[in-house]
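The sequence and coordinates are shown below.

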Amino acid sequence: MKFLKLKLTTPYLELDPLFYDRVEPTPLAKPYLISVSQNAAKLLGVKDDDLRDELLVKIVNGSHKLEGSQTFAMCYAGHQFGYFVPRLGDGRAINLGKVNGWNLQLKGSGQTLYSRQGDGRAVLRSSIREYLMSEAMHGLGIATSRAIALIGSDTDVARERWEKGAIVLRLSPTWVRFGTFEYFNLKGRHEKLQALADYVIDESFPHLKNAEGIYLKMYEEIIKNTATTLAGWQSVGFNHGVMNTDNMCIDGRTIDYGPFAFLDDYDAEYICNHTDQEGRYSFKNQPGIAHWNLAQLAKALSPIINYEDAQGALDRDFGATYEAKYLSLMFAKMGLYESDAKDVELLKWLLGSLQSATIDYSAFFRKLSRYDGKRADILDSCVYRAELDEWLSAYELRLSKEKLSTQERHTKMLAVNPKYILKNHILQEAIEEAKLGSFSMIEDLLQVAHAPFDEHEELEYLSKPTPMKAKNIKLSCSS
Ligand code: AMP
Ligand code: MG
C-alpha cells in the first residue's frame, strides 16, 4: 500500500456531534519536510517508499486530504495540576481519520473550537521533541503514540520570542483521554458517557465485548495498562512532566510529549516541568499521580459503573500490577534472573546509592551491563563513591547465586539497558541545528530512537555524557 493511497475512516464522527468540532486545518506558510519515520508508516501497512513525495507535505500541512478523511477536533475536560477544567479539547490538534487501527492526527495545525486563548500552533522545538520522543518511547518498549512525519514552515508563532510553526503527523490506536469521560460526566450527559464507553471498548478493548459488567472490566484494563506504562517510565527514568488527566490516554499509553525529560544523575525528586513548582509531577510522584488520575476516571465513570467496585479494583490492581512490572523490569536491568528474598531490598539500596553517588541513571545501568568485578569504570563517574562501592560488594555476592555465565548475563543486560537515551541536552543540540536549517541530527536521533540498545558506532556522539550545566534542568511548558 502506498501512503498517498491510504483510505481513512472516521468512526469517531458516528458519535454525537457534542464529542467533536468539525474543523479544517489552517495550513502553515511555505511548509517543508523535515523528517519521516518509515518505521511508524509501516504501522499503516505502507510498504512503498512514497513518503518523500511533495503530497506528503501537503497532507501533513492539512492542505491535501487522504481519501475518506474528514477532519475534526475532539472535546475533553481534565484535571490540570489537580484542578478541574471543564472544557479543554484538541486546541491545536486536528484528527484526519483512522486506518489499520491507527488514528492519524496533526498537531499544530491551527485553531479549533477548543483553542481558548491559544493560537492552535506548535513551534519547531517542541515538535522535534514530540516527533523523536514518540519513536524513542516505542524503541524502549513502552506503549506510546507514534509519529510519522514532521514538517517545518515559515509561519511566525509568538511565544516568549518569535518562533516558527511546525506540525507533527502523529498516530495512536486511540486519542480518547481520561478527560473525555470527565467532560461527559460533568455535563450530566450519562447516555453520552455510555456511548463513549462503548466506543472505547470497540476501539481499544474489543475482547471485552459481550462480557458481563463490561464497563467495570474496561476500567480494570485501563488500570492495568496505565500501571504497566508507569512501570516502564520509572524503569527507564522518564519524567513526563504534565500528567494532567487530559494527557492520560484511555488505553494507558504515553501521549502528549511536552516538557518531558529523562533523568540525568539519578534524582527521585527531579521535576522536569519548570511551572510545576510544588513537584506534583516529580519523577517519584508519577505512579501515585497515575493512581490519583485513575481515581478521577472512576468518578467520571460512576454513572455507568458501581463506584465502590471501581475503587476496589483500583486499590487491588494498580499497586499490584505496577509493582510486579516494575520489579521485573528492574531485576532485568540488574541482571538478576534467579530470585532471592532480599532482591527488593537490594534494589532499594541501589536507588539510594545512586542518589547519593550523583551518577547518570542510564549510563550506570549500561556500565553495570558490562560489570566484571572491576569497579573503576562505574565509580570514576560518581561524585560520591563510598555507598555505591559498598552496594557493588553486595551485588557481587548476589550475582554468585546466578546460573548464567558473566558473558550471558552481559548480553541479556545490554539488551534491556539502553545506550541511547534522548536526553534534553542532545535534543537541544538537534533543535539548534534544525533552527539553522540542518536536519541530519534529527535523522541520527531517529535511528538510535528505534534501536536504543544497539551499538551504533558512527553515532557514538549521541551517547556522550550530559554536560554539567545541562544536568537535570527544568523545561518550560511553552510549546
Ligand atoms: P497540554 O498541557 O499541552 O496537553 O495542553 C493543554 C490544553 O491546552 C489542551 O487542550 C491543548 O489542546 C491546549 N493547547 C496547548 N497549546 C495550545 C495552543 N498553542 N493553541 C491552542 N490550544 C493549545
Ligand atoms: Mg495535552
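## Overall architecture

The protein chain contains 15 helices and 13 strands; helices (H or I, at least four residues) and strands (E, at least two) are DSSP runs numbered from the N terminus. Its radius of gyration is 23 Å, close to the 23 Å that the globule rule gives for 479 residues, so the chain is as compact as a globular protein of that length. That radius is taken over C-alpha atoms, and the rule is 2.2 Å times the number of residues to the power 0.38.

This is a predicted model, in which local features need pLDDT of at least 70 and side-chain atom pairs count only at pLDDT 80 or more, while totals for chains, interfaces and linings use all residues. Residues are numbered from 1 along each chain as its sequence is written, chains are lettered from A and ligands numbered from 1 in the order in which they are written, and side-chain values use heavy atoms, with hydrogens and water left out.

Along the principal axes, the C-alpha atoms fill a box of roughly 65 × 55 × 45 Å. Of the 479 residues, 59% are buried; buried means under 20% relative accessible area, exposed over 50%, and partly exposed in between (1.4 Å probe, protein chains only). Among contacts (heavy atoms within 4.5 Å) with a separation of 6 or more, 73% join residues 24 or more positions apart.

The chain exposes about 19400 Å², with carbon and sulfur atoms supplying 51% of that area; accessible areas come from the Shrake-Rupley method with a 1.4 Å probe, and for residues only the protein chains shown count as cover. The mean positions of the 57 positive and 64 negative charges lie 2 Å apart. Lys and Arg count as positive and Asp and Glu as negative, without His and the chain ends, and each charge is placed at NZ of Lys, CZ of Arg, CG of Asp or CD of Glu.

Three domains are assigned: domain 1 (3-172), domain 2 (186-256 + 267-332) and domain 3 (338-401). Their bounds come from an automatic or database domain assignment. Taken over C-alpha atoms, the centres of domain 1 and domain 3 are separated by 42 Å.

## Selected residues

| Residue | Relative accessible area | Class |
|---|---|---|
| Glu-163 | 10% | buried |
| Asn-100 | 52% | exposed |
| Asp-256 | 12% | buried |
| Glu-135 | 0% | buried |
| Ala-41 | 1% | buried |

Glu-163 belongs to strand β11 (residues 162-172). Leaving aside neighbours within four places in sequence, Glu-163 is in contact with Val-123, Arg-125, Thr-155, Asp-156 and Val-157. Glu-135 is part of helix α3 (residues 124-139). Beyond residues up to four places away in sequence, the contacts of Glu-135 include Ser-37, Asn-39, Arg-146, Leu-446 and His-450.

Ala-41 is located in helix α1 (residues 38-41) and touches Val-46, Leu-51 and Ile-148, not counting residues up to four places away in sequence.

Most residues other than glycine have a negative phi. Asn-100, by contrast, has a positive phi of about 55 degrees; Asn-100 sits in the loop between β6 (93-99) and β7 (102-107). Asp-256 also has a positive phi, near 55 degrees, and lies in the loop between β12 (238-239) and β13 (261-262).
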